[in-house]
Structures are given as C-alpha cells and as structure tokens.
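Could you guide me through this protein in my viewer? I would like to know what to select next and what I will find there.

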Amino acid sequence: MAGLSRMDRKVLFAVVALLACVSGQSSQPRVDAGVAALAVQCEIQQESVSALVDALDGDDLDAAKAAYQAARPPYEQIEVLAACFEDLDEAIDARAYAFDTGELGDDFVGFHRIEACLYRENDIECARPYGRPLRRTINELCDVLDASSSEVFNRGKTWDGALGLTVEIGSKKIASEEETYSDLSLLIFRENLKGIWAVISPFEDEVEVETWENLEAAFNTMVDTLNEVDPENGFEGGEGAAAKPYSEVTVEERKLISDNIYAFFLALEAANMEVRDGQEAENLPEGATRLQLGPVASRQTERQNQAVLEGVAKFEELCANQQELASDLLSAIDTGDLDASRDAYVAARPPYEQIEVLAGSFEEEDTNIDSRPYAHNRGELDEGFRGMHVAEYCLFRDDDLDCARAAVTDVQGTIDSLCAKIDNAANDPDNFNFENTWDGLKALSVEVPAKKISSEEETWSDHSLLIFTNNAKGIESQVKILS
C-alpha cells in the first residue's frame, strides 16, 4: 500500500467495498462502496478547484471560464448524497433563489456565485473572493466522504438522494436553472446521472433480476439520449469537460431528455421499493412555488388593513378577466387549431401573474393554478401537478390538444375559487392581511431575478419575459397603495 497514491488507495477501497457487498448481510457495505466512488471524485474536485483558484488569480477571463467549466463535473456526481452534508452542499452549489435576499446576501457563495461573475458580469475580480473559500469547503467535504461514517451515510439517504436528484433533473434542471449563465446544463445532467449510478449500482443483488434489468435499460436509454443530443461530446464529455451549449438544445430534444429521465425515475422507484422492502422514498426534495420570507410586523394598523383591501380590490377585475381568458383558451382548444390555442394560452397568462403577488393568501389555489413540477415530489408524474403549466407542456412541448383541454377544464374551477376568495377578502383577515401582502411583495421581487431569470417559469413556451412584466405590474400595484 505504501507505493499507492491517495487516489489509487481510494479506488482500491471502492473495489474492495463493492466486493464486500456480495456477501455482506448489512446494506452498509453497499453504501460505503458508493461513498468511496464519490470520494474519488472529491479528490478530482480538489485538483480542479485549485486550478480554478489559480485561474481566478490571473486576468484571463477565457482561461477562468475554461477552469470553471472543467471544475464542474465532480461535484455534480457527489451531489446525489447532498442530504448527508447539507451545509457544505449549500456553500458549494446553492443558487441565488435558495436565499431570502437572492444574490444580495453574504450567504450566496460557491460555484454559482462564481458562474454569475464570470459569465454574466465578465468580471474575474468579482469572482476572485469566492475561489479560496470554495476550495476550503471542498476540502471539508472530502474529509466527510473519506470518513464514510454510518451516522452520516446510510441506505435510506442513498436511495432518497438518487430518486430526488433524478426527479429534479426532469422537473427543474430541464429549464436550465442549473447553469443559467454558463449554458452548461447538459454537463450537469450527465454528471448527476453518473453520481446516481455510482451510489445505486452496489445494490444490484438486493433487487430482482428483471427489476434491475429494467433499471439498467432505463439508465442506458438516458446515456443514449445524451449521446444523441450532444454527439460531439457524448455522455463521457469532451476534453475540458466540454458540452453542447444548452441554449442550442431544441424543445424536441429537451422533451426527449425529460421523458427518458422520468422513465429512469420510475425504474429507480421500483428498485427502491425492493431494496427497502416496500418502503417509499422519504424526504424527496419538495420545491416551493415561491420564496418564503419572515414576517415584517406582528401588529397591523387600521390603515395597513385598509391598504391591503384596496390592493386586493384591484385584482377583482383582473380575476374576472382571468376567468374570461381561460374560457377563451378552452374555446381555442376546442377548434383543434394548435397555433390558435398557443396564442390563447399566451393571452391567458398575464392576469394571474399580477395576482400572484398575493399568493400567500391563497396557497392552495396558487398551487393548483401556477405550480411547476419541481414543487411536487414526483415532478410531472405527481397527481398534484395541475394548472397552467400542465397546459403549457401540453401545447408547446407535446403538441397535444386533448391533454391541454383536460388541464384547462380543471384549472377553470380553481380560478373560480380564487375569484370568490378575492371578492370575500374583507371578511377573511386571516389570509388577506398586511404581513402576507408585504411578504409576498418581497418574495416575488426576489424570485424574479434569483430564479425565474433562468426561464424556469415558462420553460416550454419561451414566454418568461411576459411573466416578469406582469409580476412587476402586480408588485407595483400593491406597493403604491401600501406606501
């Protein structure tokens, strides 16, 4: 062993741990085998982040971008077990929308802070202060992975992580929210999948042969899909972690990725049930339709309450308009004209995007009108995923009028319920009050630049600017009254 490098010893341990899985009575050796594979990636990450720090110390922007890109793959494999080291994951890979104040807070650090500096601001000096802290955090992470404690890593977290990351690709990262400015989302997808496979493959002998064959086939289909979408670089990636820019991936190709990642998720879910003796996954990442901020006041004056009701009153006409536009959309769908239906969908989007500023006052209706798939544990497969974004997917991605008809028919009832609540706001102070209104203003104001800017709002229709504009109108209408 004395003649082996640190990485060689890690690879050898990974092999030994994997062999131990065959005869071990406990699942822990299988968990350890997966962790050992990720520990190898962490050593690679240490080297690539050091190269990034060196590049940030220079003044060559293109060299810094190349170093950033080369540094991204390892952690995207390690991320599958992020629930085992949540604080470190946040410091390494959190995006701006994970924080109450978006990019304005000191907590937003790590890869995505550097990404914004290099690719959006074209500013090495902006990125430089974040390089060395990132390297220190990576070193801490490697220590955690090397220790491979059973108190930190276990079977449940391994499978929850694999399922959660898989559904996140299809429901959230598909929008390009992962690498908004660097355009490297394809790289992220493939490295996430490598990490998922690394931690679940040791469990093969705990799964029925047919179930495992189905899982392996679904994974290979995803590999083939990424090879097809990015033939130049493929699943393994080109030199310097090259990947096709995600902005060049067509809607049809994104649909193919989305469909096949969900097929992989279902196969993974079936294997999970066998590994865990029928126990469903726990603690899958559950998104939120908007950022939640703390209350700004514990008491409300009569003037504040009156201002709230004046603001809500502005939305009564908007909600009635939303009812009419939803009916127009359904009528367009009934004509069988896809282009006319898409136009009617776009026309129907503005009213609610203004009303949305008060979504904290009607959370159930908001979820059923405007939630995206990542707000639900099983993404698009979850029966709770309903509303306008289902219609968007049907019309702009799937070209399916029957699918859209069902979605719009369903959402009409929710819009009616919303309008009734708005009309009754004066009698519902528990929901329509100063705190909820002010929190909604702040949250939506942060959400647009921190999250929706990635085009996660209208992933398939490509009308995110329309959403931003009407969000701003809704915010403005309330601020004028409250101030």
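Start by selecting Phe219 and Phe264: both are buried, where buried means under 20% relative accessible area, exposed means over 50% and partly exposed lies in between (1.4 Å probe, protein chains only). This is a predicted model, in which local features need pLDDT of at least 70 and side-chain atom pairs count only at pLDDT 80 or more, while totals for chains, interfaces and linings use all residues. Residues are numbered from 1 along each chain as its sequence is written, and side-chain values use heavy atoms, with hydrogens and water left out.

**Aromatic rings**

A search of the whole structure finds 13 aromatic pairs; rings of Phe, Tyr and Trp (its six-membered ring) pair if their centres lie within 6.5 Å, and planes under 30 degrees apart count as stacked, over 60 as edge-to-face and the rest as tilted. The ring centres of Phe219 and Phe264 are 5.8 Å apart and their planes stand at 55 degrees, so this pair is tilted. It links distant parts of the chain, with Phe219 in helix α11 (residues 209–229) and Phe264 in helix α12 (residues 251–275), 45 residues apart. Helices here are DSSP runs (H or I, at least four residues), numbered from the N terminus.

Next, show Lys194, whose charged end sits over the ring of Phe235, 5.5 Å from its centre. The rule for this is that NZ of Lys or CZ of Arg is within 6 Å of the ring centre and within 35 degrees of the ring normal.

**Disulfides**

How many disulfides are there? The count comes to 4, taking a disulfide as a pair of cysteine sulfur atoms within 2.5 Å.

Select Cys42 and Cys142, whose sulfur atoms are 2.1 Å apart in a disulfide. This pair links distant parts of the chain: Cys42 is in helix α2 (residues 28–57) and Cys142 in helix α8 (residues 131–147), 100 residues apart. Both cysteines, Cys42 and Cys142, are buried.

Move on to Cys117 and Cys126, a disulfide with its sulfur atoms 2.0 Å apart. Cys117 counts as buried because its relative accessibility is 2%, whereas Cys126, at 26%, counts as partly exposed.

**Last stop**

Finish at Asp399, in the loop between α17 (388–397) and α18 (401–423). Its phi is near 50 degrees, a positive value in a residue other than glycine. Asp399 is partly exposed, with a relative accessible area of 47%.

Key
Helices (H or I, at least four residues) and strands (E, at least two) are DSSP runs, numbered from the N terminus.
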